[in-house]
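Student: I would like to learn how to read a few features of a protein model. Can we take them one by one?

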Amino acid sequence: MGDNPHNSSELPPFILTGFPGLQTSEHWIFLLLGTLYIISIVGNALILFIVKEEQSLHQPMYYFLSLLSLNDLGVSFSTLPTVLATFCFHLRKISFDSCMTQMFFIHFFSFTESGILLIMSFDRYVAICNPLLYATVLTDARVACMGMCVIIRTFCMVFPLPFLLKRLPFCKANVLSHAYCLHPDMIRLPCGDITINNIFGLFIVISTFGLDSILIVLSYVLILHSVIAIASREERLKTLNTCVSHMSAVLIFYVPMVSVSMVARYGRHAPQYVHTLISLIYLFVPPTLNPVIYSIKTKEIRRRLCKVLRGNKF
């Protein structure tokens, strides 16, 4: 590609990378990633199947869990094509439009997950702080409306990203740091002014991850305030136990996300495999662990999952 700038009409391809320095072990790496894909896809599909088939689970909490599982499937399938091509078939070139499309879906599902965790925290807040109003507040119509609002908000935030990138000239070797296309990785490659892109990217992060995390923390402050007022220690623990799955899901989503941001900002001199490993944890761990956590900690899901695995009917 040299140093000649590419305008948007030429649409230069991108080069994907796996684990720098570990090229000889890439089949083993794909075996590990393939195992995580299988756990994620099968686990989330089972949760969707169980909630659909079991009438007693047609409640707001399980509707939100289904939305989370559906979103986690989206995360897995959005990275699968290029991870498979890079690690298994050593096909590293991806077209400009394909890369932009993948970037859109990866970030769409990531930002959507943050919104889903927020409405799930609201569900826990109403269930614990206002249990008598639970059925009145979280009707099926409101649950559907909340889910649609999260999806529409995310779409409006992420949709401009490919177009803001596409307007820029590219004059460097378009080598990405990962086996998939991420906006923070791609924004390093243009040789034009990326000020607007940086400002808009910061706005998206603050108005989604930032706002959502603050509201989730606030909901748990209010939940703890209500739990402390419960006289019985056993009842307090029982009440908090209903939040363990959601709190775990929040932690395994936000901790890797913050780690990605910290490494990108302050770890520029760290080995490249550190950046790759952190991004893999961010994209692979939540979709893999969420169904495992909810299957273990949610009694109704666990009981029906055991029936499915034993081949019994519902």
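Student: Which residues does L57 touch, not counting residues up to four places away in sequence?

Tutor: First, the ground rules. This is a predicted model, where local features need pLDDT of at least 70, side-chain atom pairs count only at pLDDT 80 or more, and totals for chains, interfaces and linings use all residues. Residues are numbered from 1 along each chain as its sequence is written, and side-chain values use heavy atoms, with hydrogens and water left out. Contact means heavy atoms within 4.5 Å. By that rule L57 touches I50, V51, Y62, E300, I301 and R304.

Student: Where does L57 lie?

Tutor: Helices are DSSP runs (H or I, at least four residues), numbered from the N terminus. L57 lies in the loop between α1 (26-53) and α2.

Student: Is L57 buried or exposed?

Tutor: Buried means under 20% relative accessible area, exposed over 50%, partly exposed in between (1.4 Å probe, protein chains only). L57 has a relative accessible area of 1%, so L57 is buried. For contrast, C306 is at 34% and counts as partly exposed.

Student: How many disulfides does a search of the whole structure find?

Tutor: A disulfide is a pair of cysteine sulfur atoms within 2.5 Å. The search finds one. It joins C99 to C181, with S to S 1.9 Å. C99 lies in helix α3 (residues 96-129) and C181 in the loop between α6 (160-166) and α7 (183-186), so the pair ties together parts that are 82 residues apart in sequence. The S-S torsion is about -115°, so the disulfide is left-handed. Both cysteines, C99 and C181, are buried.

Student: Which residues have the most contacts inside the largest nonpolar core?

Tutor: In soluble globular proteins, nonpolar side chains tend to be buried together. A nonpolar core is a set of buried Ala, Val, Leu, Ile, Met, Phe, Trp, Tyr and Cys residues joined through side-chain atoms within 4.5 Å. Here the largest has 76 residues, and F14, V83, L117, Y180 and M186 have the most contacts inside it. Helix α3 gives the most to this core, with 17 residues. As for L117, its contacts beyond four places in sequence are L68, I216, H246, A249, V250, F253 and Y254.

How values were computed: Helix = DSSP H or I, 4+ residues; strand = E, 2+ residues; numbered from the N terminus.
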